[in-house]
Amino acid sequence: MWRRCGALGRALALRGLPGLAPGAAGRRTASGPSPPARPGLPCGTAAAGSQLGQSKDYALPNASWSQDMLDLYNRFLDMTKDGLWKRIPSYNNILDHIPESMKLTYEKRKDTRLFLRSIDAEGAGFEYVMFLNTSEKRVVCLFQPGSYLEGHPGFAHGGSIATIIDSTIGSCAISVAGKVMTANLSIDYVNPVPLGSVVLVDSKADKVEGRKVFLSCKMQSVDGNTLHAEATALFIQLDATKAQKQQASCQ
Ligand SMILES: CCCCC/C=C\C/C=C\C/C=C\C/C=C\CCCC(=O)SCCNC(=O)CCNC(=O)[C@H](O)C(C)(C)COP(=O)(O)OP(=O)(O)OC[C@H]1O[C@@H](n2cnc3c(N)ncnc32)[C@H](O)[C@@H]1OP(=O)(O)O
């Protein structure tokens, strides 16, 4: 039943990168999407978005991304070319993620931040980018845990692993069912995740029953040889009345 996250990792590791000359793997380059160039800033970097007065998109390469992260990012970007996969932008305010059609009447607050984007220093916290495949009801996250996510020396804290899994699975649930909340998240931690390494978080919606969305997820190393964690989750689609009440109670 499983969707071969490892196979994807291995396939990605084995597949040649179109347009990249042999020996170019050592170069730190990233392809599109390409905002207008600014002197001193490579195209497609996170800082480039802010010059347009838009919310900064953090799901773009920055100087902290390792070569593994850049290589995987470029391979997934290639997979977006036929439209099956889409890169999900990432902002530090959750309201910037919600399409107008799904918004209630939330006021954007300046004193709140999406938990995953609460550490400013590049590379110190959650470096990640997610890709969505709507037809497969699948979201894959490329995740590079930074030094402020430490649990045991040199390894990512289990809570940070739960956070990135919840967010990846949650994004998948949102793409399937709109306004949802995590009702249950169950994680088996199989192998520790070294800080600064890159892992693939591969999530899929397995079943939708009324308002219930059942999902599963695997976190694996880029080469597919190490299983770090496995998870299942239940997300519940909020009914409109309850969503209004929740909103009223937090304002
Ligand atoms: C276009 C695509 C874009 C996609 C991506 C977009 C954006 C990405 C952006 C950012 C990425 C970052 C974040 C990603 C997003 C999300 C991840 C974070 C999510 C969270 O961080 S979220 C916080 C933690 N979460 C809570 O804080 C929930 C507290 N909780 C409640 O608010 C309620 O509890 C609720 C609403 C869950 C349900 O309440 P309710 O009243 O609506 O429903 P009710 O209780 O009636 O249950 C209905 C049926 O579900 C069954 N059921 C319920 N709970 C169950 C359980 N635990 N186990 C087994 N079954 C359960 C019942 O048994 C019943 O089943 P039945 O109908 O068969 O009787």
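Student: OK, a polar contact is a pair of N or O atoms within 3.5 Å. With that in hand, how far is the ligand nitrogen from the polar backbone atom of Ala183?

Tutor: In this predicted model, a polar backbone atom of Ala183 sits 3.1 Å from a nitrogen atom of the ligand.

Student: And what does Thr182 do with its backbone?

Tutor: Thr182 puts a backbone N or O atom 3.0 Å from a nitrogen atom of the ligand. There's a side-chain case as well: a polar side-chain atom of Asp166 is 3.3 Å from a ligand oxygen.

Student: How much of the ligand's area does the protein cover?

Tutor: On its own the ligand has 1,400 Å² of accessible area, and the protein covers 57% of that.

Student: How many residues surround the ligand, and which are closest?

Tutor: There are 17, and the closest are Thr182, Ala183, Arg211, Lys212 and Lys242. By type, the shell splits into 7 nonpolar, 6 polar and 4 charged residues.

Student: Switching topic, what does UniProt say about residues 154-226?

Tutor: Its unreviewed entry has "domain: Thioesterase" there. In the model, that span is 42% strand and 27% helix, with its end C-alpha atoms 17 Å apart.

Student: And what's the confidence like? What's the average pLDDT of the chain?

Tutor: It averages 81, and 72% of the residues score at least 70. Over residues 9-29, though, pLDDT is below 50, and that stretch has 30 contacts beyond near neighbours in sequence. Residues 31-52 also stay under 50, with 30 contacts beyond four places in sequence.

Student: So how should I treat coordinates where pLDDT is low?

Tutor: Don't read them in detail.

Student: Last one: what are the ipTM and pTM for the complex?

Tutor: The predictor gives an ipTM of 0.96 and a pTM of 0.84.

Definitions and conventions. Residues numbered from 1 in each chain as written. Predicted model: local features only at pLDDT ≥ 70, side-chain atom pairs only at ≥ 80, totals over all residues. Heavy atoms only, no water. UniProt positions renumbered as here; feature names shortened; annotations may be inferred. Helix = DSSP H or I, 4+ residues; strand = E, 2+ residues; numbered from the N terminus. pLDDT = per-residue confidence, 0-100. Contact = heavy atoms within 4.5 Å. Near = heavy atom within 4 Å. Polar contact = N/O pair within 3.5 Å; in protein donor to acceptor, adjacent residues only side chain to side chain. Areas by Shrake-Rupley, 256 points an atom, 1.4 Å probe, with all protein chains shown as cover. Nonpolar A, V, L, I, M, F, W, Y, C, P; charged D, E, K, R; others polar.
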